[in-house]
Amino acid sequence: MISARGRVRKLEKTVKEPDKDELSACLLAVGAGKDIQAFEVLFRHFGPKIRAFMLKRGGNRQQAEELMQETMMMIWNKAALFDPARGSVSSWIFTVARNVRIDAFRKTNRPEFDPNDPAFVPDPEPAADDVYEAGQEAERLRGALVKLPPEQADLLRLSFYEEISHSAIAERMNLPLGTVKSRIRLAFSRLRDILGDAA
Amino acid sequence: MKITHHISDELLFDYANGALEEGWSIAVATHLALCPSCRKRLATMEAAGGMALEAIEIEPANTSTEEFSWEAMRARIDNAAPAVPVPARPKHTAGRAASLPEPLRSYIGGDVDAVKWKPLGLGAYHYPIKTSDEDISVRLLRIPAGKPVPEHTHGGRELTLVLKGSFSDISGRFGPGDFEETDESVDHQPIADPGEDCICLAVTDAPLKFKSRIVRMIQPLLGI
């Protein structure tokens, strides 16, 4: 839903907001050739969002700015690892920002699996249809998120913005832990249904 | 490896969101290394995180702040040491197959045969794993075939990931790669299946630690 004010603001903007295909192309250009102009597009689009995201997760403006700069530096250095067949730009950047924050506050690396580890069990080979669908998936997910019942959508938003666990959410919202758990399960099982993934 | 017991949405979501402590995350990430279907669910959650990031409304931009920020970024890139090239993804080293996946293997410092087991009594062994968080106990357990898991009292959450062999309890049979999540409301007594010792990763809220030696001695009697 775009409010009248939102429309006016959009019209006032002199610079056109890049769409997701352009952002994806920019990230690939940074990965392939350290393209500083492509990086500037990413910085101007995501920088303010990452700063706001860090601020929501706690800390002051200066820390949020530092964590944003650190995240963007990580994006500059690791862009070659971005694979558009595996997920969207915003999803990839979310994971980078999340990990920068964990490294900064927990003083430990986030335990993660390593796809190059000999003991790693790789994904089954994707069918040709699945590769085609990877691009559509983000669109469908966006549509699915909008259609979530408000109490489920609010819970996900609050969790993502404030980086709190489901047990902390239960305390905060004064809900029984079981209710929070079942809302999370309902939300994601619904998203998976819409994505046609019964896993 | 046929995995039948997976990570719950609630727990996986906390991991996807960066809200899960290191100890629990070791068990979650190690299961993910073995389980393509849980990785797919993780990817959906991270995509939802990306959309939450994308949806953040920015206050009307303060142009000079943004310019200053971009200049700082440029200076940082210009002054950075020539970027270390991202190492080309090495192919799986053929041959010697490791049985412990990452990230667990690095926490152990080697594979299963490198583990310096400590006896727990009744033929069972454990190997505590150090993390940055003392409130969470992370360890490997080795349970002799056909025997129950010893000293099984815990409060709070407990995660178990089977690495070798299998065990059974009221929730069913758990084989390699299977993941069990329980809490204090579940009264379960896992028993290693006959035939092979069961090795699993067990993560629990650490038992309360008391300074007094006498309290520590009677702690097991009090069941705390």
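## Salt bridges overall

Counting over all chains, the rule turns up 22 salt bridges, where a salt bridge is a side-chain nitrogen of Lys or Arg within 4 Å of a carboxyl oxygen of Asp or Glu. Side chains of opposite charge can pair when their charged atoms come close. One of these bridges joins Arg172(A) and Glu162(A), at 2.7 Å from N to O. Arg172(A) sits in helix H8 (residues 166-173) of chain A and Glu162(A) in helix H7 (residues 150-162) of chain A, so the pair ties together parts that are ten residues apart in sequence. Helices here are DSSP runs (H or I, at least four residues), numbered from the N terminus.

A quick note on what you're looking at: this is a predicted model, where local features need pLDDT of at least 70 and side-chain atom pairs count only at pLDDT 80 or more, while totals for chains, interfaces and linings use all residues. Residues are numbered from 1 along each chain as its sequence is written, chains are lettered from A in the order in which they are written, and side-chain values use heavy atoms, with hydrogens and water left out.

## Where chains A and B meet

On the B side, 66 residues are in contact with 74 residues of chain A; contact means heavy atoms within 4.5 Å. Together the two chains bury about 6,400 Å², 62% of it on carbon and sulfur atoms. That buried area is the accessible area (1.4 Å probe) that two parts lose on being put together, summed over both.

Eight salt bridges cross this interface. Glu10(B) makes a salt bridge with Arg185(A), with the closest N and O atoms 3.1 Å apart. H3(B) gives the most, with 17 residues.

## Two crossing helices

Now zoom in on helix H9 (residues 177-194) of chain A and H1(B): their axes (lines fitted to C-alpha atoms over the stretch in contact) come within 9 Å and cross at roughly 80°. The two helices are therefore roughly perpendicular to each other, a label for angles of 65 to 115 degrees. Among the residues making the contact are Arg185(A) and Phe188(A) from H9(A), plus Glu10(B) and Phe13(B) from H1(B).

The peptide bond from Glu102(B) to Pro103(B) is cis, with omega near 5°. Pro103(B) is found in the loop between H4 and H5 of chain B.

Conventions. Axes fitted to C-alpha atoms, helices over the stretch in contact; angles between N-to-C directions. Parallel < 35°, antiparallel > 145°, perpendicular 65-115°, else oblique.
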